[in-house]
Amino acid sequence: MTELPTTTRQIQLASRPDGWPTPENFHLVEVDLPELRDGQILVENHHMSVDPYMRGRMNDTKSYAASYQIDEPLDGAAVGRVIASKSDDVPVGATVLHGFGWREHAVVTATTTRQVDPSLASESAYLGALGMTGLTAYVGLIYAGQFREGDVVFVSGAAGAVGSIVGQIAKASGAGRVIGSAGSAEKVARLKELGFDEAFNYHDGDITEQLQKAAPEGIDVYFDNVGGDHLEAALSTLNVHGRVAMCGAISQYNATEPVCAPRNLSVAIGKLLNIRGFLVGEFPDKAEEFADKMSGWLADETVTFDETFRHGLENAPQAFIDLLRGANTGKMIVTL
């Protein structure tokens, strides 16, 4: 019988970032593992997710997700194997998805986990295309963005975890044209391999000009992962009754000064635009619908996904910093 660990390593927030996070904002510590109580399980984490939204949680501000606390472990999605259990429902050996990443082992209440089948897809896929990432892409486009067959869709941050899935879902759902922006020639090439009709490097020139060249007849839906100048370009290019699904604003997460709102916001009036922020937690009733569709799309390779792996818990902070700087293609995963 394998002896169970009594301690584990975790990443804690050492200080709140001022602007861009640095490695000094994190520290790696070893802590004791508590004994399991009834209904709890001990999970050996195999993979953890780092995501842009975590940057906001490092600030001491009120938001939709609780702020991380100084000298306390960060958290986020993780997947791993149950190595001890005091739950009748989740046995030892099960693979589970849960919310206690940024650590090598986690004591978790069994009812807050979801068992997944690693024989159907890789464990890491449940953090990406088959998990919250994929669900965010699906509900954001279909429900927040009110997608309709034939729509011209523009996705910013399109080579990222969510954006790359959005574009493929749009194509699979009958979009007339799908356009993506990304930050390098290599990422632009990858988007075209994924089925995007057009893509451009936002470093290559004025974003509005590039978008309007790619969509000479305008766009109907903008899936916003970036905010700022991308949102301004989309507002200029949207057709009457266009829709904006606001998922993220990574261009301003690390700003130290107030960011100017889009200078052309007033065009929303005359164009009768619907601009809607959304959170994936609004749509729990769509999870089964999403899972059914995504399973089929992945099975017939209508949708494929990219992952960028970093290895070792000690490298999680740098993986997160690199994510904010666009070093990933697809989902950024830390393997533990």
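**Reading a predicted fold**

Biologist: Does Trp 102 count as buried or exposed, and why?

Modeller: Trp 102 counts as buried because its relative accessibility is 0%. The cut-offs are under 20% relative accessible area for buried, over 50% for exposed, and partly exposed in between, using a 1.4 Å probe and protein chains only. Before we go on, this is a predicted model, so local features need pLDDT of at least 70 and side-chain atom pairs count only at pLDDT 80 or more, while totals for chains, interfaces and linings use all residues. Residues are numbered from 1 along each chain as its sequence is written, and side-chain values use heavy atoms, leaving out hydrogens and water.

Biologist: Where does Trp 102 lie? And what is its phi?

Modeller: Look in the loop between β5 (95-98) and β6 (105-109). Helices (H or I, at least four residues) and strands (E, at least two) are DSSP runs, numbered from the N terminus. The phi of Trp 102 is positive, about 60 degrees, although this residue is not a glycine. Leu 272 also has a positive phi, near 60 degrees, and is not glycine either. You'll find Leu 272 in the loop between α7 (267-270) and β13 (274-277). With a relative accessible area of 48%, Leu 272 is partly exposed.

Biologist: How do I read the largest nonpolar core, and which residues touch the most other members?

Modeller: In soluble globular proteins, nonpolar side chains tend to be buried together. A nonpolar core is a set of buried Ala, Val, Leu, Ile, Met, Phe, Trp, Tyr and Cys residues joined through side-chain atoms within 4.5 Å. Here the largest one has 46 residues, and Leu 141, Val 153, Ile 169 and Met 294 touch the most other members. Several elements give two or more residues to this core, including α3 (161-172), β9 (177-182) and α8 (287-299). Helix α2 gives the largest share, seven residues. There is also a second, separate core of 20 residues, with Phe 26, Met 54, Tyr 68 and Leu 323 among them.

Biologist: At what angle do α5 and α6 pack?

Modeller: Helix α5 (residues 207-214) and helix α6 (residues 228-237) pack at about 45 degrees, and their axes are 9 Å apart. Axes are lines fitted to C-alpha atoms, for helices over the stretch in contact (heavy atoms within 4.5 Å). Angles run from 0 to 180 degrees between N-to-C directions. Under 35 degrees is roughly parallel, over 145 roughly antiparallel, 65 to 115 roughly perpendicular, and the rest oblique. So α5 and α6 are oblique to each other.

Biologist: Which residues of α5 meet α6?

Modeller: Ile 207, Thr 208, Leu 211 and Gln 212 do, and their partners in α6 include Asp 229 and His 230.
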